[in-house]
Amino acid sequence: MTRTNLLSAVLSPNGWYCVVGLKKTGHPRQTFVQDLAGVELETETLLAEGYDVYFACAKYKESGARTNDNVGDIQSFWLDIDCGEGKPYETQGDGADALRGFCRTVGLPKPWVVNSGRGLHVYWPLTEPVSRQDWLPVAKRLKALCVEHNLEADPSRTADAASILRTPDTLNHKVSPALKVKLWMEGATTPFEKFRSAVGAMEAAPDYIPTFADNMTKALMGNRQHRFDTILTRNTNGTGCLQLRSEEHTS
């Protein structure tokens, strides 16, 4: 199954997997599991119940909290490129062309690409896991390079270690009928030092967003992370998880 191929490539073998189900109505559902068999079981369960299914892009030290502080090993870098009417790229082909040009200009290896149903989720797997502390300055630089070279990637995802993105072999229910989420292209696997040499690094930003931050600050700083049960309550008054609150904008 292609979802196993992708997850095996982009996630460290160490720590807890996190699977997230989202619906337009009803509460989000978040589950931590210890192996890919558990990921498969939870994904198929959520899919059968009509959820949009996501996986956490990092592994976690402990179960129960999808927070930056709980992030353990990270074994990839990623981008979320929105495509479609009203999005930065009119078609997925336009987004793919922009991505290819970006990779050539920056000197990045061929990425793995997931067709999210409407947009593109892009991954550069690493040959070895790295800590969040080592990963974040490079992710911040990758985010800056997207701006410098006019690649329209969602800024709230690129440098947020606690991001979630769509799981292949599931469905995107943003439109009716639902669209398939599928692995579009397998790419290279790169040593961390080689990727860092191509991208560079910059000083890391805080892992949280003050509640008083304006929209531009929120976009630059990425997602605020909290314990999941607290997020559900805080979303009702506008101070919860930015990724869940802006989920209707996710490709």
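The dialogue below takes confidence, then the sheet, then the aromatic rings.

Visitor: What average pLDDT does the protein have?

Guide: This is a predicted model. The protein averages a pLDDT of 86. Of the residues, 80% score at least 70.

Visitor: Where is the pLDDT below 50?

Guide: One such stretch is residues 208-213. In the model it has 11 contacts beyond near neighbours in sequence. Another is residues 215-242, with 63 contacts of that kind. Where pLDDT is low, the predicted coordinates should not be read in detail.

Visitor: Now the sheet. In what order do the four strands of the open sheet run?

Guide: The order is β2-β1-β3-β7, and the pairing is antiparallel.

Visitor: Which strands stand at the edges?

Guide: β2 (29-33) and β7 (164-166) do. Each has a single partner strand, so one side of each is left without a neighbour in the sheet. From one strand to the next, the twist averages 30°.

Visitor: How many bridges join β3 and β7?

Guide: Three bridges, in the antiparallel sense. Strand β3 covers residues 52-56. Look at F55: its bridge partner in β7 is L165.

Visitor: Which helix packs on the sheet?

Guide: Helix α2 (residues 36-48) packs there. It touches β1 (17-22), β2 and β3. The direction of α2 makes about 5° with that of β1.

Visitor: On to the rings. How is a pair of aromatic rings described?

Guide: By the distance of the centres and the angle of the planes. In this model the count comes to seven aromatic pairs. One of them is F77 with F195, which is stacked. Their centres are 4.5 Å apart, with 5° between the planes.

Visitor: Where in the chain do F77 and F195 lie?

Guide: F77 is in strand β4 (residues 73-81). F195 is in helix α6 (residues 192-199). They are 118 residues apart, so the pair links distant parts of the chain.

Visitor: Are F77 and F195 buried or exposed?

Guide: F77 is buried, because its relative accessible area is 0%. F195 also counts as buried, because its relative accessibility is 1%. The cut-off for buried is under 20%.

Visitor: Which residues form the aromatic cluster?

Guide: F77, W78, W124, W135, F192 and F195 form one cluster.

Visitor: Which charged end sits over the ring of Y17?

Guide: That of K59, 3.7 Å from the ring centre. There is another case to find: K23 lies over the face of Y51, at 4.7 Å from the ring centre.

Key:
Residues numbered from 1 in each chain as written. Predicted model: local features only at pLDDT ≥ 70, side-chain atom pairs only at ≥ 80, totals over all residues. Heavy atoms only, no water. pLDDT = per-residue confidence, 0-100. Contact = heavy atoms within 4.5 Å. Phe/Tyr/Trp six-rings, centres within 6.5 Å; stacked < 30°, edge-to-face > 60°. Helix = DSSP H or I, 4+ residues; strand = E, 2+ residues; numbered from the N terminus. Buried < 20%, exposed > 50% of the residue type's maximum accessible area, 1.4 Å probe, protein only. Lys NZ or Arg CZ within 6 Å of the ring centre and 35° of its normal. Pairing = 2+ DSSP bridges. Axes fitted to C-alpha atoms, helices over the stretch in contact; angles between N-to-C directions.
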